[in-house]
Amino acid sequence: MHNKTPLIRLSKRKALPTSKAWGIRLLAILLSLVFCAVLTMLVTDLNPVKVFATMFQGAFGTVRKTWTTGQEIAMLLLVSVALAPAFMMHFWNLGGEGQILIGGLATAACMILLGGKIPNGILILVMTVSAMAAGAIWAFIPAFFKAKWNTNETLFTLMMNYVATQLVAYYVIIWEVPKGSGKIGIINQSTEAGWLPQIGSYKYLLNILIALAVTVLMFIYMRYSKHGYELTVVGESERTARYVGIKVEKVIVRTLILSGAVCGLTGLLLVGSTNHTITTTIADNRGFTAVMVAWLAKFNPISMILSSALLIFLKRGASEISTMYHLNQSFGDILTGIILFFIIGSEFFIQYQIHFRKKGQ
Amino acid sequence: MFDFVSFIPRAVVQSIPLLYGSTGEIITQKSGNLNLGIPGVMYVGAISGVIASFFYERSAGGNVNSFVAILLPMLACLIGSLLMGLLYCFLTVTLRANQNVTGLAMTTFGIGFGNFFGGSLIKLTGADVPNIALSATSACFSRSLPFAGRLGAVGKIFFSYGFLAYLAIVIALAAAFILKKTRTGLELRAVGENPATADAAGINITAYKYVATCIGCMIAGLGGLYYVMDYACGIWSNDAFGDRGWLAIALVIFTIWRPDVGVLASILFGGLYILYLFIPTGMNLSVKELYKMLPYVVTIIVLIITSMRRKRENQPPQSLGLSYFREDR
């Protein structure tokens, strides 16, 4: 009686074919959507079909809404792509929020201080360089300490977010227009100095194109370049990396500078192209949401297009439902949380196999 | 002259939610779980208490029994946070999911949950009140000792708080004692440092991780309850809790994983958090924003120094953030 095998036993799977793995994930997403629909039914009186119809309406109902959705997806995608190489290296960069903010702050500083003083083309160039440099510096600081003294990067980058937030708050008060209002308002409204160019009549097209271009470049960088190979090896095993002669410290710092620079670029687009102003909430939790987007896509930049689209669709859809029923806008966060829990849970079934005790064992 | 008699009590009331959060997170992290869901858990704890007390106050009408008014929200708060803890454990321990992602998802969910029910509770229940103001319950929570008023400055600094404030200190000291001096604490630390070794020594890893994380979440949840019932006088407003959850996590590092140090450190943090109100900056409001940066900068400095000095006892638990799978070795 004592030598029975356990009732439930787990073993690690070798490697599940990609199609099967995605099948499991898709099933998890479907299950979670059903769960979300039931939940929505409980707080509103919509039937499940209506729930999704309304959500779809909220995301793609009008041309304007569709563009906004596209822009939101593009921004989230850009941040996720920025974080991907760091995560691939198992460096948990939770500082996307701060890196976006500081990039946005640099952009706003250029627009306010240099606007009208130098030609617009050069101004935009200066803005781009300083935004990316600011983001890169914000990521470099924790990376440097990680490389040199193995300082915990998860906690370090997390704290850097709030330093950036307060820095932005400080400058918002210094630059506020009019004095005492506590916000900057639209920068260079009359001259439009430092506003990124608009392609045709599409306000958000530039952002979307840049995000897609960076995504493809990052995919190539991670998959086909020597740098990409090195950071993958460091992520798999630091010891192996050292053994084959990769300078781990250098890879960590280099990758994080890249990661921070792309976050800074997001800040540039948010300030220079989308909002033309800066607030402490301009990053809008993208730095954190992007962690989940990147992880859902298994750090593959191309798959991130899908995962960021899923999360933005939910957010905008849930927002439509909340508006219709005069509920709080945070409903979307609840749905996002639920879907994430399902997908996080489903990873288990991709990585492990469950064996039940067979008869007679 | 700096007004300590009014500064210290304000720093203390700021510190209590942080102390609850950090004590809970320290216990959690000692088991090797880096629970970044703490900000969400604190929101859930707060709103669970609010919901319970909202229904109680409505059903009780005018005559609120102070014992029930305290018991119900506390129970609801503990159950709400416990459920969040169980969810985290189920995903990270049983299903071995990534702790950072799970934690962040829990924070998104928890803050959304709090704000949604905080903002929609009245609409959902069809009540005819303009906003959630649980003044009767809050009065029970923030009742201080009767002789506090008669003791002048001493009374104000030491005895002017509601019972949850003292409970926070008791819990922190008890946690420090258990972690440092008991067998349970030793085994818990072993689980966080090196689960494989602990497993070989016959310690039930799963049980320790579950219990530590769930207790940690329940303690953290009380911090949210204290904030809304005592500090905010029973008035729920969305996002008012702010970034205190992250500040609690910062406090964990600042105290180098010691809940007893947390008692004083949280007051220091609370003081730094409101220092800008007491610094005479004249018309220059912008500098106040820089003062608010202080707790985070101080935490970063502590983080750097502890990693540079490499003292064994000051390091994060070695397997912090990693899931344990026995067959992986």
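How many residues does the contact take from chain B, and how many from chain A? In this predicted model, the contact takes 44 residues from chain B and 40 from chain A. On the side of chain B that touches chain A, the elements giving two or more residues are α3 (66–94), α4, α11 (244–254), α13 (286–291) and α14 (294–309) of chain B. The largest share of that side comes from α4(B), with 16 residues. By residue class, the side of chain B that touches chain A divides into 26 nonpolar, twelve polar and six charged residues.

The overall scores of the model are ipTM 0.86 and pTM 0.88. For chain B, the average pLDDT is 86. A score of at least 70 is reached by 96% of the residues of chain B.

Helix α4(B) spans residues 99–125 and is kinked. The kink is about 45 degrees and is centred on G119(B). Of the 27 residues of α4(B), 22 are buried, so the helix is largely enclosed by the rest of the structure. After α4(B) comes G126(B). The phi of G126(B) is positive, near 70 degrees.

Is L95(B) buried or partly exposed? A residue counts as buried when 20 or more other C-beta atoms lie within 10 Å of its own. L95(B) has 18 such atoms within 10 Å, and is therefore partly exposed. Neighbours within four places in sequence aside, L95(B) is in contact with G345(A) and F348(A) of chain A, and with F90(B) of chain B. L95(B) and S323(B) are 228 residues apart in sequence. In space, their C-alpha atoms are 9.2 Å apart.

The largest nonpolar core comprises 215 residues. Within this core, L78(A), M159(A), V291(A) and A294(A) touch the most other members. Helix α10 of chain B, residues 205–231, gives the most to the core, with 17 residues. Which residues does M159(A) contact, leaving aside its neighbours within four places in sequence? The contacts of M159(A) are A250(B), Y296(B), T299(B) and I300(B).

Note on methods. Residues are numbered from 1 along each chain as its sequence is written. Chains are lettered from A and ligands numbered from 1 in the order in which they are written. This is a predicted model: local features need pLDDT of at least 70, side-chain atom pairs count only at pLDDT 80 or more; totals for chains, interfaces and linings use all residues. The bend at a residue is the angle between axes fitted to the seven residues ending there and the seven starting there. Helices (H or I, at least four residues) and strands (E, at least two) are DSSP runs, numbered from the N terminus. A residue is buried if 20 or more other C-beta atoms lie within 10 Å of its own, exposed if 12 or fewer, and partly exposed in between; C-beta atoms are placed from the backbone. Two residues are in contact if their C-beta atoms, placed from the backbone, lie within 7 Å. Ala, Val, Leu, Ile, Met, Phe, Trp, Tyr, Cys and Pro count as nonpolar, Asp, Glu, Lys and Arg as charged, and the others, Gly among them, as polar. A nonpolar core is a set of buried Ala, Val, Leu, Ile, Met, Phe, Trp, Tyr and Cys residues joined through C-beta atoms within 7 Å. pLDDT is the predictor's confidence in each residue, from 0 to 100.
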